[in-house]
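Good morning, colleagues. Please have the sequence and the coordinates open while I speak.

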Amino acid sequence: MSTITAPEQILQDRFAASAQNQGEMPVTGMTWLGHERILCVDGIDAKRFLQGQLTCDVNLLANPGSTLGARCNPKGRIQSSFRLLHHAENTYLLALHKDVLESQSSDLGKYAVFFKASISDASPDWVRIGLWGPQAAQALQHTGFTPPEHTDQVTTSPRGAVIRVPGIDRFEVWLAEETALPTLDLMQTIATPTALNAWLLLQIRNGLGEIDAATRESFIPQMLNMQLFGAVSFRKGCYTGQEIVARMQYLGKLKRRMFRLLMTGDQPLPAGTPIVNHASGQTLGEVVLSACAGTQVEILAVLQKDAAQLVQLSAIDSEGPLLTIADLPYDIELAASEAAPAN
């Protein structure tokens, strides 16, 4: 059973102020990404090792550089989704859901023994913050960072690193643990601390799902629309699960993919919650991520494509709350990618 360290307790207290009001969304806000942990892969073979394990193209990463990605099992099913940070020449950091860190470390460790690479839990060394809003760049500058201009671009300072992530004025701030609290004090003069729900809501609205223990090995990357974010390379060499992922892209017809749904209520649905045909009770998919937006819940769920837009949907079972499909920011791009395979 894991214990809460003193710094973690301070962070929990600092960002718990609005936890009771899940609908809060500061115009310029910040939150602690405490639902994720950091796996470090280090060593002279780290790049070569990861290139053969991950869906993203590690060889293309600048130093520093970042990308979204996934690690699949041999059947192409995602074991973990993550943000990868090329932190130093032979050091890579993977931020992934805390509930899959141990299992992913174990799975990767089976292959790392054949390389000059080590795997460790680097979570205690970092404090990761989600930052957003029209004054987010100003908050970064106030703490000595230069805001990155492009998505996935990384800038660094003695305090840590900043990554611009998909969406408008959104950043991940990776702070070195020893200077994190003073940096947060400065950042807080411009950005309002708030609970994790706000960041998850922004993730949902930008169509960014995440794998946790409930959905581990449930989906292939295209079901989470990951190919639209550069998280899947169809040009790199072999990696674990590559044959299945590539076959689906070039030869198969994807029958399930991720949709954004809306539901009246104030309680998020746990990942893995069934989504069903309201009339028949037939299961059509499952929840990937969920967060509150006032009196409404927003959801990302992987659903059967053909049925999702033809039937009335409900959560849990046919007696559960009704759901409606909402737009994703990349709907047009997604439709185009489904009409023509990758080059």
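This is a predicted model: local features need pLDDT of at least 70, side-chain atom pairs count only at pLDDT 80 or more; totals for chains, interfaces and linings use all residues.

Residues are numbered from 1 along each chain as its sequence is written, and side-chain values use heavy atoms, with hydrogens and water left out.

Let me begin with helix α6. Helices (H or I, at least four residues) and strands (E, at least two) are DSSP runs, numbered from the N terminus. Buried here means under 20% relative accessible area, exposed means over 50%, and partly exposed lies in between, with a 1.4 Å probe and protein chains only. Among the buried residues of α6 are Trp-199, Leu-200 and Gln-203. Which strands do the buried residues of α6 pack against? They pack against β1, β7, β10, β12, β14 and β15, where contact means heavy atoms within 4.5 Å. After the helix comes Gly-207, with a positive phi near 70°.

I turn to the aromatic residues. The structure holds 5 aromatic pairs. Rings of Phe, Tyr and Trp (its six-membered ring) pair if their centres lie within 6.5 Å; planes under 30 degrees apart count as stacked, over 60 as edge-to-face, and the rest as tilted. One of the pairs joins Trp-132 and Trp-199 in a tilted arrangement, 6.1 Å centre to centre with 45° between the planes. This pair links distant parts of the chain, Trp-132 being in strand β7 and Trp-199 in helix α6, 67 residues apart. Trp-132 is buried at a relative accessible area of 4%, and Trp-199 is buried at 3%. Phe-234 and Tyr-250 form an edge-to-face pair, 6.1 Å centre to centre with 80° between the planes. Phe-234 lies in the loop between α6 and α7 and Tyr-250 in helix α7, so this pair ties together parts that are 16 residues apart in sequence. Tyr-250 is partly exposed, at 35%.

Next, the charged side chains. A salt bridge is a side-chain nitrogen of Lys or Arg within 4 Å of a carboxyl oxygen of Asp or Glu, and by this rule the count comes to 13. Asp-185 bridges to Arg-14, with the closest N and O atoms 3.0 Å apart. Asp-185 lies in helix α5 and Arg-14 in helix α1, so the pair ties together parts that are 171 residues apart in sequence. Arg-83 forms a salt bridge with Asp-152, also with the closest N and O atoms 3.0 Å apart. Arg-83 is buried at 3% relative accessibility, and Asp-152 is buried at 19%. These two residues belong to a network of salt bridges that links Glu-36, Arg-83, Arg-128, Asp-152 and Glu-172.

Finally, consider Val-58, in the loop between α2 and β3. Is Val-58 buried or exposed? Val-58 is buried, with a relative accessible area of 0%. Leaving aside residues up to four places away in sequence, Val-58 touches Lys-47, Leu-50, Gln-51, Leu-84 and Tyr-92. Val-58 and Lys-47 are 11 residues apart in sequence and 6.5 Å apart in space, C-alpha to C-alpha.
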